[in-house]
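Here are some notes for a first look at this model. They follow the ligand and the space around it.

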Amino acid sequence: MNPTATFAATDEPINQFDLTGQYAEIGAELRAAVERVLNSQQLVLGLEGLALERELAEFCGVKHGIAVASGTDALILALHACNVYAGDEVLIPTLTFVATGSAVSALGARPVFADINRDTLNLDADDVRRRITPKTKAVIAVHLHGLAADMDPLREIARERNLPLIEDNAQAIGASYKGRRTGSLGDIACISFYPTKNLGAAGDGGMIVTDSAELDARLRTLRNHGQASRYISIEPGWNSRLDEIQAAILRVKLRHLPKWQKARQANASKYSDLLAGVKGIRTPVVPEGYEHVFHQYTIRSDGREALQKFLADRKIGSTIYYPVPLHLQPLYSSLGHKPGDFPNAEHVAGEILSLPMYPELSEEKIRRVAATLSEFAKL
Ligand SMILES: Cc1ncc(COP(=O)(O)O)c(C=O)c1O
C-alpha cells in the first residue's frame, strides 16, 4: 500500500481509541445482559460471575478464574496469594503502567526493577537474573501493548530459584507465545477489564487465572474478606468482587473478542505495510512464534515530540505508554535510582508513540494517519 492521502482541514478527528463503534455494534446485546441481571437482582458473586470465570479460564487455557474488582486488585491479591509480604522484593519491568509497581508497594513489599529488550519492550531475562536477591519472592512479567514477554527464560529463572512467575496480562488477553495463550504462561496471571482494554467492562473489573487449585481456593477467600464460608474468616482479606452487571457485560464481549482481535491485527498489518520504508519510523516488532494482539500499535521515532505535535495539529490522537519508567517516577524516588540506571527503558521511553488503534478503525483513517507520518518524515 502507498500512503497517499492528504490532510484536509475538514477531516474529522481520529482519536487514539474510540469505544463508540463497539457500543453501536453490540449495544442491544449489552442492554439485554444488564436487564437480565437487574431482573434477577443477584448483583454480586452470582451465576454471571461464575460463568465468566469459567469462560475466561477456558479462553486462556487454564483451569481456574477468580473475578475481582480491577486489574490492580488482581495483582495485589495474586502477590499476596504467592506469600509476598512487607519487606519482600518483587522483580518487575521498569517500563510498565504504574499499577504493576504500586500493587507490590500496596503490600509493603519493594519493587525491584529490571530493564527491557529494546525491540519487544518487554522484560530482559538476563537483567532479571542479575537483580535477584535472597529477598526476591516473585517475578512479574508484563505483556506490554499486547505482545507476550519472552517467557521461556523467565520460567527457567523462576524454576531455578523456586519463585512464582506472575503474568501482568492487563494488556494482552488473547495473545500467544509459542502456541500458548497469555494467562497460561506463568503460575498465575492478572487481567484488567478497564474499559479501554481489549476486553473492557463498563467500568472497572479484573480477573486472576491459574491452573493451581490451591491458589484458586485462597484467592476466592482473599477477595471476600478472608471468608472460607459465610461469616467465617480465616485470614485478613479484601472486598474485591466483580459486580454481576460487569460480568454479564464481559460475557457478551468475550464472544466478540476473537473477531475484534483479528480486526486489530488487520489494522496493524495495514499500518506496518503503509509505514514500511517511511524514514525515521520503526514499526512494532513481532518475533517468530508470537501472536501480538495490538492493544497498542506503538511506533518508535527519535523525533517523537515533534511528531506527536505534528499529528495533534492534524487532529490525530496518539499516546505515550509510558513516558517515564517506574524507576524515575517521583513515587519511587526513595529507591535512589537515577537516569542511566536502565538504559534500554529510558531510551525507548523517549521514542515510543502509540497510534490510533481499535477494532473499528477504518482503512481510510489508517491511511490518513500513515500519510501524515510520511509527510512528517519528508520535512
Ligand atoms: C500493565 C498494566 N497493569 C495493571 C493495570 C491495572 O489494571 P486496572 O486499571 O484494571 O486496575 C493496567 C491497566 O490499567 C495495566 O496496563
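1. Which residue has an N or O atom in its side chain 2.8 Å from an oxygen atom of the ligand? That residue is Gln 171. Keep in mind that this is a predicted model.

2. Ser 192 places a polar side-chain atom 2.7 Å from a ligand oxygen atom. Gly 71 uses its backbone instead: an N or O atom there lies 2.8 Å from an oxygen atom of the ligand. Taken alone, the ligand exposes 380 Å², and the protein buries 92% of that.

3. Now look at the shell. There are 16 residues around the ligand. Gly 71, Thr 72, Asp 168, Ser 192 and Lys 197 come nearest. By class, the shell holds six nonpolar, eight polar and two charged residues.

4. Where does the ligand sit? The largest pocket holds the ligand. Two elements give two or more residues to the shell: helix H3 (71–81) and helix H4 (98–106). H3 gives the most, with three residues.

5. The volume of the largest pocket is about 460 Å³. Its lining counts 25 residues, and Phe 97, Ser 192, Tyr 194, Lys 197 and Tyr 322 are the closest to the centre. H3, H4 and strand S8 (188–192) each give two or more residues to this lining. The lining divides into 11 nonpolar, 11 polar and three charged residues.

6. Two residues deserve a second look. Ser 192 and Lys 197 are among the residues that come nearest to the ligand. Both are also listed among the closest to the centre of the largest pocket.

Key. Residues numbered from 1 in each chain as written. Predicted model: local features only at pLDDT ≥ 70, side-chain atom pairs only at ≥ 80, totals over all residues. Heavy atoms only, no water. Near = heavy atom within 4 Å. Polar contact = N/O pair within 3.5 Å; in protein donor to acceptor, adjacent residues only side chain to side chain. Areas by Shrake-Rupley, 256 points an atom, 1.4 Å probe, with all protein chains shown as cover. 1 Å grid on protein atoms, 1.4 Å probe; cavity = no way out; pocket = protein on both sides within 12 Å on 5 of 7 lines; lining within 4 Å. Sits in = over half its atoms within 2 Å of the grid points. Helix = DSSP H or I, 4+ residues; strand = E, 2+ residues; numbered from the N terminus. Nonpolar A, V, L, I, M, F, W, Y, C, P; charged D, E, K, R; others polar. Points joined across faces, edges and corners; volume = space filled by probe spheres on them.
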